[in-house]
Amino acid sequence: QVQLVESGGGFVQAGGSLRLSCAASGSIFSSYVMGWYRQAPGKERELVAAFTYGSRTNYADTVKGRFTISRDSAKYTVYLQMNSLKPEDTAVYYCKANPYISTMPVLWGQGTQVTVSS
């Protein structure tokens with residue numbers, strides 16, 4: 001089974017930038033639609049950015065214009081470029097793979113912590 005490994009999280013001051021990476025252990029983009037989610041303490045996990053089944057992109061209103069999702073098919077990797085970070089962006093960020101075929105499993109990475117100080 002394909003596994004997802006996130007990296008790139010860390011501690012940054014408000015206004016700074018980070019780039020998260022989600023590396024899959026094998027070819028995945030032909031079978032899965034990729035996205036980034038986050039979960040702050042005491043809150044539910046929420047969508048941050050994702051590719052759609054039509055290969056377009058979808059962003060949460062709170063990150064539009066600041067975050068960009070992209071992918072490198074040759075490296076089986078999805079990225080989340082985060083600019084103009086705010087303290088409210090502090091959360092654990094997770095990579096998610098939604099399968100095209102419903103009988104296949106949904107995949108999650110282990111998460112990477114992003115902390116933004118004011």
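How exposed is serine 84, in terms of relative accessible area? Serine 84 is partly exposed, because its relative accessible area is 40%, which falls between the 20% limit for buried and the 50% limit for exposed. Keep in mind as you explore that this is a predicted model.

## Two residues with a positive phi

You will find serine 84 in the loop between β8 and β9. Its backbone has a positive phi of about 50°, although serine 84 is not a glycine. Most residues other than glycine have a negative phi.

Tyrosine 76 is another residue to look at here. Its phi is near 50°, a positive value in a residue that is not glycine. Tyrosine 76 sits in the loop between β7 (67-72) and β8 (77-82). With a relative accessibility of 33%, tyrosine 76 counts as partly exposed.

## The disulfide

Now let us turn to the cysteines. A disulfide is a covalent bond between the sulfur atoms of two cysteines. Searching the whole structure turns up one disulfide. Cysteine 22 and cysteine 95 form this link, with their sulfur atoms 2.1 Å apart. Because cysteine 22 belongs to strand β3 and cysteine 95 to strand β9 (residues 91-99), the pair ties together parts that are 73 residues apart in sequence.

The link between cysteine 22 and cysteine 95 is left-handed, with -80° about the S-S bond. Are these two cysteines buried or exposed? Both cysteine 22 and cysteine 95 are buried.

## Aromatic rings and their partners

A pair of aromatic rings is described by the distance of the centres and the angle of the planes. In the whole structure, a search finds three aromatic pairs. One of them joins tyrosine 53 and tyrosine 100 in an edge-to-face arrangement, at 5.4 Å centre to centre and 65° between the planes. Tyrosine 53 is in the loop between β5 (46-51) and β6 (57-59), and tyrosine 100 is in the loop between β9 and β10 (107-108), so this pair ties together parts that are 47 residues apart in sequence. Tyrosine 100 is partly exposed, with a relative accessible area of 40%. Tyrosine 94 and tryptophan 108 also form an edge-to-face pair, with 6.2 Å from centre to centre and 85° between the planes. Since tyrosine 94 lies in strand β9 and tryptophan 108 in strand β10, their pair ties together parts 14 residues apart in sequence.

Tyrosine 94 is buried at a relative accessible area of 14%, while tryptophan 108 is partly exposed at 36%. Together, Tyr37, Tyr94 and Trp108 make up one aromatic cluster. Tryptophan 108 has a charged neighbour too: arginine 45 lies over the face of its ring, 4.5 Å from the ring centre. Elsewhere, arginine 71 lies over the face of phenylalanine 51, at 4.2 Å from the ring centre.

## The largest pocket

Rolling a probe the size of a water molecule over the atoms shows where empty space is left. The largest pocket has a volume of about 160 Å³. Which classes of residue line the largest pocket? Its lining has eight charged, two polar and two nonpolar residues. Among the lining residues are Arg38, Lys43, Glu44, Thr62, Asp89 and Ala91.

## A serine in a loop

Our last stop is serine 30, in the loop between β3 (18-24) and β4 (32-39). Serine 30 counts as exposed because its relative accessibility is 60%, and exposed means over 50%. From C-alpha to C-alpha, serine 30 and phenylalanine 67 are 24 Å apart in space, and they are 37 residues apart in sequence.

Definitions and conventions. Residues are numbered from 1 along each chain as its sequence is written. This is a predicted model: local features need pLDDT of at least 70, side-chain atom pairs count only at pLDDT 80 or more; totals for chains, interfaces and linings use all residues. Side-chain values use heavy atoms; hydrogens and water are left out. On a 1 Å grid over the protein atoms alone, a cavity is a set of points where a 1.4 Å probe fits but cannot get out, and a pocket is an open set with protein on both sides within 12 Å along at least five of seven lines; lining residues have an atom within 4 Å of a point. Grid points are joined across faces, edges and corners, and a volume is the space filled by probe spheres set on the points. Ala, Val, Leu, Ile, Met, Phe, Trp, Tyr, Cys and Pro count as nonpolar, Asp, Glu, Lys and Arg as charged, and the others, Gly among them, as polar. Helices (H or I, at least four residues) and strands (E, at least two) are DSSP runs, numbered from the N terminus. Buried means under 20% relative accessible area, exposed over 50%, partly exposed in between (1.4 Å probe, protein chains only). A disulfide is a pair of cysteine sulfur atoms within 2.5 Å. Rings of Phe, Tyr and Trp (its six-membered ring) pair if their centres lie within 6.5 Å; planes under 30 degrees apart count as stacked, over 60 as edge-to-face and the rest as tilted. A charge sits over a ring if NZ of Lys or CZ of Arg is within 6 Å of the ring centre and within 35 degrees of the ring normal.
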